[in-house]
Amino acid sequence: MPKIFEYFGFIFYFYSNEHEPIHVHVIHGAKESIFDLIIMNGELIDIFAREKKGVDPLSEKDKRTAEAFIRKYHKNIIEKWIKFFVLKQMIRCTNIKKKI
């Protein structure tokens, strides 16, 4: 379960046996949601939040924060996805300490 980002209490991560579309799991406290990145011709078109079975979803405010983060760092998320799932390389967690 590679952790890819930490951002003011939010944890962004992949599961090690993921599937497409590219998506990222986000935990804040005891709540979690999944965000699908919709990409067309190499460009981010949209982000869709969905619930993880058996877990309380992020609050609406936390979903907005997570989505804003993903919009800002989507290229890094995609790069980490490719590095981990396609190239089979280890990835490091990045701790973001500047508010977006």
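Which residues have the most contacts inside the largest nonpolar core? Keep that in mind while you set up the view.

**Before you start**

This is a predicted model, in which local features need pLDDT of at least 70, side-chain atom pairs count only at pLDDT 80 or more, and totals for chains, interfaces and linings use all residues. Residues are numbered from 1 along each chain as its sequence is written, and side-chain values use heavy atoms, with hydrogens and water left out.

**Stop 1: the whole protein**

Show the cartoon. The protein has 1 helix and 6 strands. Helices (H or I, at least four residues) and strands (E, at least two) are DSSP runs, numbered from the N terminus. Trace the chain along the sequence: the pattern reads β-β-β-β-β-α-β.

Now look at the overall size. Along the principal axes, the C-alpha atoms fill a box of roughly 35 × 30 × 25 Å. The radius of gyration is 13 Å, which agrees with the value near 13 Å for a compact globule of 100 residues. That radius is taken over C-alpha atoms, and the globule rule is 2.2 Å times the number of residues to the power 0.38.

Of the 100 residues, 38% count as buried. Buried means under 20% relative accessible area, exposed means over 50%, and partly exposed lies in between (1.4 Å probe, protein chains only).

**Stop 2: the core**

Select Phe12, Val24, Val26 and Ile70. These are the residues with the most contacts inside the largest nonpolar core, which has 25 residues. Two or more residues each come from β1 (3-7), β2 (10-13), β3 (23-28), β4, β5 and α1 (60-86). Helix α1 gives the largest share, 9 residues. A nonpolar core here is a set of buried Ala, Val, Leu, Ile, Met, Phe, Trp, Tyr and Cys residues joined through side-chain atoms within 4.5 Å. In soluble globular proteins, nonpolar side chains tend to be buried together.

Zoom in on phenylalanine 12. Leaving aside neighbours within four places in sequence, its contacts include Ile4, Val24, Val26, Ala66, Phe69 and Ile70. Contact means heavy atoms within 4.5 Å.

**Stop 3: the aromatic rings**

Select Phe5, Tyr7, Phe8, Phe10, Phe12, Phe69 and Tyr73. Together they form one aromatic cluster. The structure holds 13 aromatic pairs. One of them joins tyrosine 7 and phenylalanine 8, edge-to-face, at 4.9 Å centre to centre with 90° between the planes. Rings of Phe, Tyr and Trp (its six-membered ring) pair if their centres lie within 6.5 Å; planes under 30 degrees apart count as stacked, over 60 as edge-to-face and the rest as tilted.

Is tyrosine 7 buried or exposed? Tyrosine 7 is buried, because its relative accessible area is 3%. Phenylalanine 8 counts as partly exposed, at 40%.

The charged end of lysine 99 sits over the ring of phenylalanine 8, 4.3 Å from its centre. The charged end of lysine 72 sits over the ring of tyrosine 73, at 5.8 Å from the centre. A charge sits over a ring if NZ of Lys or CZ of Arg is within 6 Å of the ring centre and within 35 degrees of the ring normal.

**Stop 4**

Select β3 and β4. They run antiparallel, joined by 6 bridges. Two strands pair if DSSP finds at least two bridges between them. Histidine 25 stands opposite isoleucine 34 in β4. This hairpin has 2 residues between the strands, and glycine 29 takes a positive phi near 65°.

Move on to β4 (residues 31-40) and β5 (residues 43-51). These strands are antiparallel too, with 8 bridges. Look for aspartate 36 opposite phenylalanine 48 in β5. Then find isoleucine 39, opposite leucine 44 in β5. This hairpin also has 2 residues between the strands, and asparagine 41 takes a positive phi near 55°.

**Stop 5: along the helix**

Select arginine 71, in helix α1. Arginine 71 counts as partly exposed, at 36% relative accessibility. Beyond its neighbours within four places in sequence, arginine 71 is in contact with Leu44, Asp46 and Ile47.

Finish at lysine 80, also in helix α1. Is lysine 80 buried or exposed? Lysine 80 counts as buried, at 12% relative accessibility. Not counting residues up to four places away in sequence, lysine 80 touches Ile4, Phe5, Phe14, Ile91, Arg92, Cys93 and Thr94. Proline 2 is 78 residues away in sequence, yet 9.8 Å from lysine 80 in space, C-alpha to C-alpha.
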